[in-house]
Amino acid sequence: MAEAHQAVAFQFTVTPEGLGFHLSREAVRQLYLAAVHSWKKRLVRAKNSFLTGVYPASPSSWMVVVMATAGSCYCQVDPSLGLIARIQRWLPHSEALTPQAQTVVSTVLFSTGAWLAAVLLFRRVLRLLLSYHGWMFEPHGHMSRSTRLWIALMKIMSIRKPLLYSFQSSLPKLPVPPVKATIARYLESVRPLLDDDKYAEMAALAKEFQEKTAPRLQRYLRLKSWWTTNYVSDWWEEYIYLRGRSPLMVNSNYYAMDFLYVTPSPIQAARAANVVHALILYRRRLDRGEIPPMMALGVVPMCSYQSERMFNTTRIPGKETDTLLHLADSKHLAVYHKGRYYKVWLYYGGQLLPPADLEMQFQRILDDPSPPQPGEERLAALTAGERVPWAEARARFFSRGPNKVALDAIERAAFFLTLDEDEHGQEPARPGCMDAYAKSLLHGRCYDRWFDKSFTLVVYKNGKVGANAEHSWADAPIVGHLWEFMLATDKFQLGYTEGGHCKGDPRRQLSPPQRLQWDIPPEGVAAIEASLRVARALAEDVDFCCFAFSTFGKGLIKRCRTSPDAFIQIALQLAHFRDKGRFCLTYEASMTRLFREGRTETVRSCTSESTAFVRSMADPRGSRSERQRLFKAAAEKHQQLYRLAMTGAGIDRHLFCLYLVSRYLGTQSPFLAKVLAEPWRLSTSQTPQQQLKMFDLNKFPDHVSSGGGFGPVSSGGH
């Protein structure tokens, strides 16, 4: 490995005869190959940046324009209306630049200018087309002529295969909704939760806000929307995530699970090797922009901005606010096993290590009998506790010496890997096994996941895998996309031998993984233990129930001409009412990635229509037909709210930004203060499934994933 050999590639000694120089030929060779690999990556990125910048045009289209212009001039037809002659007169006269050469240069310059103008025009047209969202509000199975025409134009504009970021600069900006519409939708959302007196009080506060305070705040917000890419996302990341001082574990981070019924290999080191290799393959495609953007209807691109910080990213704690450290590249992995930390290089000679080599490296870690150093075993508890103590401990104990070097190795790693000592997964004979599996991924032992990393990969002793992801850099669908690619690549492309090992033969000459060295003083150990107590209290307060429901799925729901999402949301309202005897403010996340740098919007799932249906189910006098009518009305209402949220006409992000503007201006708003103080008692966020079609789930039904999930959003919530 080039990096491992850097320290010994060049050595010198001082002797009575003078200086003696020693070069390691193999080390120099590895350094050379690593440099070549780095330059190749830069060239690929530069090429893809150019291709993305001129999309939907292509370099070949430039050649077509040049040849067409030259051909027209040869036929005595001037398509430039005299511009080529004007350009020719401005060119310098010299012996090298003959009149014929001047004609060629001026023709190329005019053609290039015309081509660039066409590119800008096409991109402007593409942005206008992407601003159309009427297709989303049309009844299922019924498409208007305007939408058909729009789809045809979109297919023409995107006929060239797009790269990951080809559509980024053409995506429209998230619009700022009218205050009047937002307040009307807000009051409608809280009506089923408030009695008449409380609703009248809230309506009065809303009216006062709309007439007196809101116009000024809205003007500032519109101004921000003009000079920023997205008027919500930067504030959302900073104030909702990075400024949060409570533990990331449970409160913010989320998890992803393995295949439900299948374990491709029961050998821990082999499964870890294939999975890590698949993840780095995804990172390579991500760096090159070779992953196609997610598309709705096959023609509507979604924003890919969040994918940029998927790898090589760590959340750094601060006393007042955290920051995100993102590196352009990282060539190693941080690994945790039995209380010890290791640094594993992912490349050798500029090439990615194959799975067989990675399996050998991970097996070396599993076979290492050395004990943890003082304070090392529970070190990651600092990332599980509150942020301020972690920031203080980091500055005091990890800002210099070997501790800084070791911490840098973790924070600058591509991602974090835990080789877990437990066994988890679906076992029908073991009740509660999925509960333990989910809790292990959500918080583990509170010290065996690095909760600050963009994601922690967990590989269990029996070969099952999972992940714990930090939330500030991206939302769950982004990790879900990565996760589906990894599972499909691991199982259907990389594969294993009959014995469960990785295919191929390992290179025994590879240097073993590097054990990280720590020198943690007793005060540092005390800080670790204090954070661990906080994290354990939080983890023990989480009750978890996770099970596989196989009676029916979304296929049956769709055949009933109902949205699966609406069905689940209404079912949750019914279950919560039967459990608690009341309704509550309910949170469901909707994506706003139809807009540039869009993240999420809240869908308030507890509506007057859904509560009417739930009450009819609780009323023994209710008829079947009446309940069906109410259910249909509730489902249609939920779908309408979801569409509004996706198209930028939601409630909560707009009110959140108005509140921040009021704080910046020093303006007090009782209405906004009351809205932002309302607790979400029921959170229904989930990680999506089957975003990719890398294998046919109908042919391999046992390869369905268990999905993932979040912790409760409040201490008394769900």
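This is a predicted model: local features need pLDDT of at least 70, side-chain atom pairs count only at pLDDT 80 or more; totals for chains, interfaces and linings use all residues.
The centres of domain 3 and domain 4, taken over C-alpha atoms, lie 35 Å apart.

First, the overall layout. The domain assignment divides the protein into domain 1 (2–54), domain 2 (59–157), domain 3 (179–229 + 551–686) and domain 4 (240–541). Notice that domain 3 is given as two segments, 179–229 and 551–686, while domain 4 covers 240–541. In secondary structure, the protein has 23 helices and 19 strands. Along its principal axes, the C-alpha trace spans about 100 × 85 × 60 Å. The radius of gyration is 29 Å, which agrees with the value near 27 Å that a compact globule of 718 residues would have.

Now back to domain 3 and domain 4. How many residues of each are in contact? On the domain 3 side there are 10, and they touch 16 residues of domain 4. The size of an interface is often given as the accessible area lost when the parts come together. Here the two domains bury about 1,000 Å² between them, with 57% of it on carbon and sulfur atoms. Within domain 3, the residues that lose the most area to domain 4 are Arg593, Glu597 and Arg599, together accounting for 66% of what that side buries.

Between domain 3 and domain 4, the count is one salt bridge, along with five residue pairs in polar contact. As for the side of domain 3 that touches domain 4, its residues divide into four nonpolar, two polar and four charged.

Looking over the whole protein, the count comes to 32 salt bridges. One to find on screen pairs Asp368 with Arg340, whose closest N and O atoms are 3.8 Å apart. This pair links distant parts of the chain, 28 residues apart: Asp368 sits in the loop between helix 11 (355–367) and helix 12 (381–384), and Arg340 belongs to strand 9 (residues 340–345).

Finally, two spots in the backbone are worth a visit. Most residues other than glycine have a negative phi, and most peptide bonds are trans. Against that background, the peptide bond from Tyr55 to Pro56 is cis, with omega near 15°. You will find Pro56 in the loop between helix 2 (25–54) and helix 3 (59–74). Asn312 lies in the loop between strand 5 (300–301) and strand 6 (313–316).

How values were computed. Residues are numbered from 1 along each chain as its sequence is written. Side-chain values use heavy atoms; hydrogens and water are left out. Domain bounds come from an automatic or database domain assignment. Contact means heavy atoms within 4.5 Å. Buried area is the accessible area (1.4 Å probe) that two parts lose on being put together, summed over both. A salt bridge is a side-chain nitrogen of Lys or Arg within 4 Å of a carboxyl oxygen of Asp or Glu. A polar contact is a pair of N or O atoms within 3.5 Å; within protein, one must be able to donate a hydrogen and the other to accept it, and residues adjacent in sequence count only if both atoms are side-chain atoms. Ala, Val, Leu, Ile, Met, Phe, Trp, Tyr, Cys and Pro count as nonpolar, Asp, Glu, Lys and Arg as charged, and the others, Gly among them, as polar. Helices (H or I, at least four residues) and strands (E, at least two) are DSSP runs, numbered from the N terminus. The radius of gyration is taken over C-alpha atoms; the globule rule is 2.2 Å times the number of residues to the power 0.38.
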